[in-house]
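The following exercises concern one protein structure. Please work through each task before reading its solution.

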Amino acid sequence: MASAPSTDDMFDEFLSQRGHDVESPGWEESYNKKQCPDCGGLHDEGATECSVCGWVPGR
């Protein structure tokens, strides 16, 4: 028996079919640093969480 896709999946598919980016946001690049898309804080390449605001990629 097949299960129906979740409402979030259907909404993401609808948006992506119309040219919208529905991927989780990731780090932005600023020179050789990672930049937080929420607060703009700069971090070394090895950062996994923003030390300024606590943002984590994919959340």
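**Exercise 1.** In this predicted model, determine how many aromatic pairs a search of the whole structure finds, and describe the geometry.

*Solution.* Step 2: its members are Trp-27 and Trp-55, with 5.0 Å centre to centre and 85 degrees between the planes. Step 3: planes over 60 degrees apart count as edge-to-face, and the pair of Trp-27 and Trp-55 is accordingly edge-to-face. Step 4: the pair links distant parts of the chain, 28 residues apart. Trp-27 lies in the loop between helix H1 (7-17) and strand E1 (28-30), and Trp-55 in the segment after strand E3 (42-43).

**Exercise 2.** Lys-34 is in strand E2 (residues 33-35). Examine which polar atoms its side chain reaches and what its charge surroundings are.

*Solution.* Step 1: Lys-34 is buried. Step 2: the nearest side chain of opposite charge, Glu-45, is 5.5 Å away. A salt bridge requires a distance within 4 Å, and Lys-34 has none. Step 3: a polar atom of the Lys-34 side chain lies 2.8 Å from the backbone oxygen of Glu-45. The Lys-34 side chain also reaches the backbone oxygen of Ala-47 at 2.8 Å.

Key. Residues numbered from 1 in each chain as written. Predicted model: local features only at pLDDT ≥ 70, side-chain atom pairs only at ≥ 80, totals over all residues. Heavy atoms only, no water. Phe/Tyr/Trp six-rings, centres within 6.5 Å; stacked < 30°, edge-to-face > 60°. Helix = DSSP H or I, 4+ residues; strand = E, 2+ residues; numbered from the N terminus. Buried < 20%, exposed > 50% of the residue type's maximum accessible area, 1.4 Å probe, protein only. Lys, Arg positive; Asp, Glu negative; His and termini not counted. Polar contact = N/O pair within 3.5 Å; in protein donor to acceptor, adjacent residues only side chain to side chain.
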